[in-house]
Amino acid sequence: MTLGKLARASALSIFRNKMRSFLTSLGIIIGVCSVIVMLAVGAGSQAEIEARIAAMGTNLIMVMPPRGPREANRLSMDDVEKLRSEASYLAAITGEVRLSGGKVVGGSGYWSTSVYGVEPDYLTIKGWGVASGSFFGEEDLASRAKVVVLGSTVASELFPGEDPVGRSVRIGSTPFTVIGLLESKGSTGMGNDQDDVVMVPLDTAVNRLMRDDAIDSIEMSVVREDLMAEAEAEIVAILRESHGLSGSDSDDFSVMNQSEIIETASQTSQTLTGLLAAIAGVSLVVGGIGIMNIMLVSVTERTREIGIRMSVGARRKDILMQFLAESVILSMLGGVVGIALALAVSFALDTFMATPTLVSPAVIAASAGFAAAVGIFFGFYPARKAANLYPIDALRYE
C-alpha cells in the first residue's frame, strides 16, 4: 500500500465516525493545550521577573544580615562609611532600614505602607527618578531633617489629584514635610507595588523613628558589570575587617549580587513551571490511553473487514500500518487543535488578564512531536492485534 493510499484509507475511517474521533482526540487536545499554556505562562513570568529585578538597580550588590534565625544583625552605619571610603569598585552606596506597616497620616486620611530610610545615592542605585520636587541631600542626612519623599501610590491615597510637595504628613507621632514625589515604577515580578513606599533620610529613620543603630541592608552599585566579582570579593574583605573576623570565622553577613538574585528567582519559576507542566502532561498520557482503548474497540468492530482485506491480498504489514496510521492521525489532529487552542488561550491571558505569556516555537514543535509519539506508542498494540488476526477466524467473526 502506498503512502497516499494509506493516508486516504486512514482518513476515511476516521471521518466516518466524526464524534467518536473527536472524543478520542479530546485527551490529546487538552493535554497539548495545557502543557503549552503552562510553559508559556512560566516563561512569560520568568522573563518579567528578570526584567523587574534588572530594573531594581544597575550592577547591584546587596549586603544583608545573616540568614540564620539566631544570628544577630551586626550591620551598621560604620560598615557603610568604611565601604564608602575604602571600596574601589563602587559607583554608589546606601544603607537601608525598613519600617514595614508604617502608618502615614496626612491629607485625606492615613495609609499603611513601607517606610524606608535611605541615603541620597539610593535613586542612583535603583535607577529611579523624581517626578515632582526633589530628593533629600547630604545636608538633610546630616541634620536628620524631617523631610519625606512619597511614592506615587501613597501620594494618590493621601493627596488624590494634588501635588503633595510642600504638604505635611505624620509618621507615627513625628511630623514630616513632603519635598518630593517619586516617578511611578509599577509592580515587581512578584506582584509587589514598588510605588507603595515612603522614603526618609537614613539618619532620620534611625534616630527619630527606630532609635536603633542597626541597619537592615547595604545596597551598592558597581562601576562596571565585568567588575562584579572583584567588587564582591573586596566588599567581603572590608566587612570582615570591620567586624573583626579572623580567617577561621564565618561571615556574619550575606552578600548577593543582581545575577544571583535573578538566578534564584528564575530557578524558582522554572521549578514551578516544570511541576505544572508535568501535571498537565498527565492528560497527554490519559489521552494516549483513550486512543488505545478506542482503537481496540475499532479492531473488534472491523474484524470482518480485516478478514476480507486479508483474503484479497492485504499483508499483515498493511493492516498494521493502517491502524497505526489512524492512531497517529488522530493524535496529530488532537495536537494541532491543542496547539491552536493554546495560542488562543495564551493570547487571551496576555491581553485580557494581564498575565504575561511567552510561547516558544520549540515548545510547539516538541508538543507536536510528542503528540505523534503518543499516537505511535499507544496505537501500536491495537494495530499489532489487528495485524495478527487469522483471516478465516476474522471472516467468521460475528
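In which strand is Val115 placed? Val115 belongs to strand 3 (residues 109-118), where strands are DSSP runs of E of at least two residues and helices are runs of H or I of at least four, both numbered from the N terminus. The structure is a predicted model, in which local features require pLDDT of at least 70 and side-chain atom pairs count only at pLDDT 80 or more, whereas totals for chains, interfaces and linings use all residues. Residues are numbered from 1 along each chain as its sequence is written, and side-chain values use heavy atoms, with hydrogens and water left out.

Val115 has a relative accessible area of 1% and is buried, on a scale in which buried means under 20% relative accessible area, exposed over 50% and partly exposed in between (1.4 Å probe, protein chains only).

Helix packing was described by axes fitted as lines to C-alpha atoms, for helices over the stretch in contact, with angles running from 0 to 180 degrees between N-to-C directions. Helix 11 (residues 316-352) and helix 12 (residues 361-387) pack at an angle of about 150°, with their axes 7 Å apart. Helix 11 is therefore roughly antiparallel to helix 12, given that angles under 35 degrees count as roughly parallel, over 145 as roughly antiparallel, 65 to 115 as roughly perpendicular and the rest as oblique. The crossing of helix 11 with helix 12 is right-handed, meaning that the near helix is turned clockwise from the far one by less than a right angle, anticlockwise being left-handed. The residues of this contact comprise 19 nonpolar, five polar and two charged, where Ala, Val, Leu, Ile, Met, Phe, Trp, Tyr, Cys and Pro count as nonpolar, Asp, Glu, Lys and Arg as charged, and the others, Gly among them, as polar. Helix 3 (residues 77-86) and helix 8 (residues 228-242) pack at about 130°, with their axes 10 Å apart; these helices are therefore oblique to each other, and their crossing is right-handed.

Two aromatic pairs are present in the structure, a pair being defined by ring centres of Phe, Tyr and Trp (its six-membered ring) within 6.5 Å, with planes under 30 degrees apart counted as stacked, over 60 as edge-to-face and the rest as tilted. One of them, formed by Phe377 and Phe378, is edge-to-face, at 5.0 Å centre to centre and 85° between the planes. Phe377 is exposed, with a relative accessible area of 63%, whereas Phe378 is buried, at 12%.

Charges over rings (NZ of Lys or CZ of Arg within 6 Å of the ring centre and within 35 degrees of the ring normal) include that of Lys103, which lies over the face of Tyr110 at 4.8 Å from the ring centre, and that of Lys185, whose charged end sits over the ring of Trp128, 5.0 Å from its centre. Finally, Arg144, in the loop between helix 5 (138-142) and strand 5 (147-150), has a positive phi of about 55° although it is not a glycine, and is partly exposed at 37% relative accessibility.
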